[in-house]
Amino acid sequence: MARDFRFSFNIFGIPSREALQERCRRGESAGFHTVFAPDHLGAPAPFPVLQAAADATEHLRVGTLVLNAPFWNPALLAREAASLDILSGGRLELGLGSGHMKWEFDAAGIPWEPFGARARRLEETITALRRFFTSDLAALPGGRSPVPVQRAGFDGSGPLLIVGGTGDRVLSIAARHADIIGVAGVYQVPGKPPGTFRLGTAAEADERVRFTREHAGERAGDIEWHVLVQMVVPTDDRRAAAEDLISRFGGEMTVEEALETPFLLIGTPAQMAEQLRASRERYGFSYITVHEPYYEAFEPVVELMRN
């Protein structure tokens with residue numbers, strides 16, 4: 001059975017507290033379900049942003065998309081996440097990834113490890129978080145550690161867990177642990193510096209979803225599938241817009257691939273809505289996030305699909 005759609009947007013910057021909160025109030029009124037904060041140097045700190053968003057809204061869920069697991073000590077992360085879950089009234093969705101931008105590690109003075117080591121760190125962090133979330137740690141000298149309000153997800157340990165990525169190791173971890181799995185829409189270009197990406201195709205999304213479902217086994221039917229749309233392009237001429245994108249951004253993607261990929265939305269609101277329905281049917285993607293610069297372009301689609 002197909003899941004109902006959920007819609008979300010992420011936050012790139014905070015021009016002011018008032019501007020952030022007004023955007024979140026508008027999003028809630030427009031029918032968005034969640035606001036996400038990324039975890040990158042150069043972007044605002046995720047947990048204060050999400051607390052401000054929760055304070056300004058009544059039902060809008062707040063989440064991380066996604067935290068860079070090697071940046072965090074699991075005990076301190078558990079404290080941050082549990083505190084936000086309490087203060088938001090149980091609205092946190094906790095997204096984790098293995099990290100992929102080498103320059104951020106270099107700038108922060110954190111060792112850049114091979115991908116396998118970063119993937120192991122991701123899984124170790126998930127395991128540790130569940131341990132902290134299900135223990136009150138009452139024996140700590142400083143007192144009782146906060147625990148989440150939520151007991152959600154397949155194991156009932158705390159907030160819904162999102163894991164996103166493209167590689168076999170991260171998606172295998174997601175298959176074992178995540179309530180929500182995000183198949184990333186960008187791929188590292190082989191032979192280029194870490195962080196040099198290209199857009200994924202529909203065929204690659206097919207293969208990545210199939211791989212993850214196979215590794216999830218009996219859990220596959222309980223997983224919510226998430227897609228981060230990289231660009232929203234309003235137009236009355238989908239092909240012309242796709243041709244323009246290819247000419248401006250280059251790469252090896254054909255016009256037909258640009259029109260088919262689930263990581264782009266091109267067309268009128270009605271056409272975009274049809275794209276999303278087809279994507280849900282084909283891949284299972286029912287949780288849709290757009291980048292903040294495309295919020296206005298996507299809002300009419302959300303309005304259309306609410307009715």
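Reader: Is Phe7 buried or exposed?
Author: This is a predicted model, and in it Phe7 counts as buried because its relative accessibility is 3%.

Reader: And Phe5, buried or exposed?
Author: Phe5 is at 13% relative accessibility, so Phe5 counts as buried. The cut-off for buried is under 20%.

Reader: How many aromatic pairs are there by your rule?
Author: The count comes to 11 aromatic pairs. One of them is Phe5 with Phe7: the ring centres are 5.8 Å apart and the planes sit at 15 degrees, so that pair is stacked.

Reader: What about Phe36 and Tyr287, what's the angle there?
Author: The planes of Phe36 and Tyr287 are at 45 degrees with the centres 5.9 Å apart, so this pair is tilted. Phe36 belongs to strand 2 and Tyr287 to strand 13 (residues 285–290), so the pair ties together parts 251 residues apart in sequence.

Reader: Ok, switching to Thr34. Where is it found?
Author: Thr34 is in strand 2, which covers residues 34–37. Its relative accessibility is 0%, so Thr34 counts as buried.

Reader: What does the Thr34 side chain make a polar contact with?
Author: With the side chain of Tyr287, at 2.6 Å. That's the Tyr287 that pairs with Phe36.

Reader: And which residues is Thr34 in contact with, leaving aside neighbours within four places in sequence?
Author: Arg6, Phe7, Ser8 and Phe9 are among them, and so are Leu60, Arg61, Val62, Gly63, Glu93 and Tyr287. Phe7 and Phe9 also belong to the aromatic cluster.

Reader: New topic: helix 2. How many of its residues are buried?
Author: Helix 2 (residues 46–56) has 9 of its 11 residues buried, which makes the helix mostly covered. Pro46, Phe47, Val49 and Leu50 are among the buried ones, and so are Gln51, Ala52, Ala53, Ala54 and Ala56.

Reader: How many cavities of 30 Å³ or more does the structure hold?
Author: It holds 1. The largest cavity has a volume of about 100 Å³, and of its 14 lining residues the closest to the centre are Arg130, Phe133, Ser157, Pro159 and Leu161.

Reader: Which element gives the largest share of that lining?
Author: Helix 5, with 4 residues. Strand 5 (92–97) and strand 6 also give two or more residues to the cavity lining.

Reader: And how does the cavity lining divide by residue type?
Author: The lining of the largest cavity has 9 nonpolar, 2 polar and 3 charged residues.

Key
Residues numbered from 1 in each chain as written. Predicted model: local features only at pLDDT ≥ 70, side-chain atom pairs only at ≥ 80, totals over all residues. Heavy atoms only, no water. 1 Å grid on protein atoms, 1.4 Å probe; cavity = no way out; pocket = protein on both sides within 12 Å on 5 of 7 lines; lining within 4 Å. Points joined across faces, edges and corners; volume = space filled by probe spheres on them. Nonpolar A, V, L, I, M, F, W, Y, C, P; charged D, E, K, R; others polar. Buried < 20%, exposed > 50% of the residue type's maximum accessible area, 1.4 Å probe, protein only. Polar contact = N/O pair within 3.5 Å; in protein donor to acceptor, adjacent residues only side chain to side chain. Contact = heavy atoms within 4.5 Å. Phe/Tyr/Trp six-rings, centres within 6.5 Å; stacked < 30°, edge-to-face > 60°.
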